[in-house]
Amino acid sequence: MLQNSPQLQVSLARSADEIQAAQRLRYDVFVTELGGDGDGVDHTRRIETDAFDPHADHLLLRDLHHSDGETMGIVGVYRLMTARHAKAAGRFYSASEFDLAPLLNSELRLLELGRSCLHPDHRGGPALMALWQGLADYVAEHSIDILFGTASFHGTDLNALLHPISHLHEAYLAPEALRVTSIMQTETPLLPADKIDRKVAMRDTPALIKSYLKLGGTIGQGVYVDHAFNTTDVCLILDTAKMTAGALHRVTRRAS
């Protein structure tokens, strides 16, 4: 699977060196930029890893004009896990934060998206479009019905995120048949609909989450506070039928 543009190239990782280069980008974004940490963070080698990496596919975005030996030109990554990958790993990664029973019992073909990130110089329409085109090829190849995975707000103060999280639950809650729920013991605080400032809510919602929502994405019930990664996570759920070329183009054009 290969998707080319004049400067950008998308492919699956085919070697341990490529996966390590992806883990190095993850370190730069999740640890250096966003302040995350955890058992899989290796500060000496400057890589971010976990136990799911060996069992997954890794979708890589390269900038062919800025390649070097250490990063191999990798400026964007997605970790992809099918049901087969999850079986080998013991579970989907998201199961550590959300009860996935509605999805697992749906008999739909699932693909979990994880550890997605872009280099700061490549955040915007062209890079995201190239990465999503590669993802769309993968979805078609594996006949995937549903994309899902955790997406993050920076920070762990739920009071600071009241408006965006309340707005997501008020406007974008997944259908009950697919509605996963957070395994966090404390209930997610939510504002009543008439108290939500939608302008503040959209301003404070990360661009990637908004892009999924524009494609028809929904969220599960509740959030999960990940103190190690310094994030507050929602579970996004997207019907792949909405990932048409036209829809991807419209969404990524607005992200430019």
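Figure 1. Strand β5 is mostly covered, since 6 of its 7 residues are buried, where buried means under 20% relative accessible area, exposed means over 50% and partly exposed lies in between, as computed with a 1.4 Å probe on protein chains only. Strands such as this one are DSSP runs of E with at least two residues, while helices are runs of H or I with at least four residues, and both are numbered from the N terminus. The model is a predicted one, in which local features need pLDDT of at least 70 and side-chain atom pairs count only at pLDDT 80 or more, whereas totals for chains, interfaces and linings use all residues. Residues are numbered from 1 along each chain as its sequence is written, and side-chain values use heavy atoms, with hydrogens and water left out. Strand β2 (residues 8-12) pairs with β5 in the antiparallel sense over 5 bridges, and two strands are said to pair if DSSP finds at least two bridges between them. Within this pairing, leucine 12 stands opposite leucine 59 in β5. Strand β5 (residues 57-63) is also joined to β6 by 6 bridges, and these two strands run antiparallel.

Figure 2. The structure holds 4 aromatic pairs, a pair being two rings of Phe, Tyr or Trp (its six-membered ring) with centres within 6.5 Å, called stacked if the planes are under 30 degrees apart, edge-to-face if over 60 and tilted for the rest. One of them joins phenylalanine 52 and tyrosine 93, which are edge-to-face with 5.7 Å from centre to centre and 85° between the planes. Phenylalanine 52 lies in the loop between β4 (47-48) and β5, and tyrosine 93 in the loop between α2 (83-89) and β7 (98-99), so the pair ties together parts that are 41 residues apart in sequence. Both phenylalanine 52 and tyrosine 93 are buried. Arginine 79 lies over the face of tyrosine 93, at 5.6 Å from the ring centre, and arginine 115 lies over the face of tyrosine 93 as well, at 5.0 Å from the ring centre; a charge sits over a ring if NZ of Lys or CZ of Arg is within 6 Å of the ring centre and within 35 degrees of the ring normal. Arginine 115 is found in strand β8 and is buried, with a relative accessible area of 12%. Most residues other than glycine have a negative phi, yet arginine 115 has a positive phi of about 50° although it is not a glycine.

Figure 3. Helix α4 (residues 125-141) has 17 residues and reaches 24 Å from its first C-alpha to its last, close to the 24 Å expected at 1.5 Å a residue, the expected span being 1.5 Å times one less than the number of residues. Among the buried residues of α4 are Leu128, Leu131, Trp132 and Leu135. Tryptophan 132 counts as buried at 1% relative accessibility, and tyrosine 212 counts as buried at 9%. Just after α4, serine 143 takes a positive phi of about 50°, and this residue is partly exposed, with a relative accessible area of 40%.

**Figure 4. The largest pocket.** About 1,100 Å³ of space lies in the largest pocket, where a pocket is an open set of points on a 1 Å grid over the protein atoms alone, with a 1.4 Å probe fitting at the points and protein on both sides within 12 Å along at least five of seven lines. The volume is the space filled by probe spheres set on the points, which are joined across faces, edges and corners. The pocket is lined by 44 residues, of which Ser116, Cys117, Ser152, Pro206 and Leu208 lie nearest its centre, and lining residues have an atom within 4 Å of a point. The largest share of this lining, 8 residues, comes from β9.
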